Amino acid sequence: MRRRDFLGTTGAGLAALLARPLWALPPDSRYMRTIGLQLYTLRNQLSEDLPGTIQAVADAGYQQVEPMKLVGGEDVFQVARDKGLKVTSSMIDWQTLVNPDAQGVPSMSETLEAAAKEKLRFLVIPYVGKGFRESADQLKRIAQRANRAGEACRKADIQLCYHHHSFEFAPLGDGKTGWDVYVSEFDPELVKFEIDVFWATIGGRDPAKTIRELKGRVAQLHLKDLKKGIPTTYDEGKVPADAFQELGDGIIDWRAVLAAAEYAGVVQCHVEQDQSPDPIASIGQSMKYLKSL
């Protein structure tokens, strides 16, 4: 090769390299190899056509699903696997830990029995209802119960996780938030976090920074975008429907989030969009965006 041609080729390659983002999601990233969908996104479609809806998830390029329900939701697990999707993580009934004496609530032993049957790797506490989360003492009791449940999960070779919303970031007094209580009170080995990037952002937190601060304590992420101009909100019931956006259509820096996930040791990610006028189209759009990173 002549020197002039070499320099031209090298210059073009260098220009292409410099034009690339400093961090990009490789096509063979473990997050893309295992990318999941939290099925709350398609709750209405699932109730109308379970096999067809799960097929649409597979067709969109997702590798696994995270069901909304474990005990009593076994049909979703079977259909997902029949369609070639993995199921490694599931939400559980939040009242199993928070309000276990409520009528019809599955016990933790029933939950673990179902998890073992489905060969799950993660169980997720998905929520804490109003009336159980207004004080630091209430949240400390939840953390204590979660630690005990986490120990039972560990004996079954399952990791218990906690999925937050934005109420945890509300001030409780003395300069503390519910998030501070959980970070302090959860046993780092027994209860990991499933960080929801949307709820962290709408709760006034930098999601990438939050993930990095919890290195080693975040097992999973929920990925969904937040519309520009939505104010900090601590009450999930007051979030407008259009606040929930497809990945890439909102204000969240996804490269920073996914780089933080790599740094913190996050195992896997699930796309979720709580509200959408066309959820099937939304999950396809979000997948297309992830592939473009």
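Predicted model: local features only at pLDDT ≥ 70, side-chain atom pairs only at ≥ 80, totals over all residues.
How many disulfides does the structure hold? The count is zero.

A disulfide is a covalent bond between the sulfur atoms of two cysteines. Take C153 first. C153 is in no disulfide, and the nearest cysteine sulfur, in C161, is 9.0 Å away. A pair counts as a disulfide within 2.5 Å. C153 is also buried, with a relative accessible area of 0%. Now turn to C269. Its closest cysteine sulfur also belongs to C161, at 12 Å, and that is too far for a bond. C269 is buried as well, at 0% relative accessibility.

Next comes the nonpolar interior. In soluble globular proteins, nonpolar side chains tend to be buried together. Here the largest nonpolar core has 81 residues. Which residues have the most contacts inside it? They are V57, Y62, L123, Y182, L221, L223 and L290.

E66 sits in strand β2, which covers residues 64-66. Is E66 buried or exposed? E66 is buried, yet it has no salt bridge. The nearest side chain of opposite charge is that of K224, 9.2 Å away. A salt bridge needs the charged atoms within 4 Å. What does the side chain of E66 touch instead? It makes a polar contact with the side chain of H222, at 2.7 Å.

Finally, look at R133. Where does R133 lie? R133 is in the loop between β4 (122-125) and α8 (136-155). Although it is in a loop, R133 counts as buried because its relative accessible area is 7%, and the cut-off for buried is under 20%. The side chain of R133 reaches the backbone oxygen of V128 at 2.9 Å. V128 is also among the contacts of R133, beyond four places in sequence, along with Y127, Q138, L139, F167 and E236. G248 lies elsewhere: R133 and G248 are 115 residues apart in sequence and 32 Å apart in space, C-alpha to C-alpha.

Methods
Residues numbered from 1 in each chain as written. Heavy atoms only, no water. Helix = DSSP H or I, 4+ residues; strand = E, 2+ residues; numbered from the N terminus. Buried < 20%, exposed > 50% of the residue type's maximum accessible area, 1.4 Å probe, protein only. Lys, Arg positive; Asp, Glu negative; His and termini not counted. Polar contact = N/O pair within 3.5 Å; in protein donor to acceptor, adjacent residues only side chain to side chain. Core = buried A, V, L, I, M, F, W, Y, C linked by side-chain atoms within 4.5 Å. Contact = heavy atoms within 4.5 Å.
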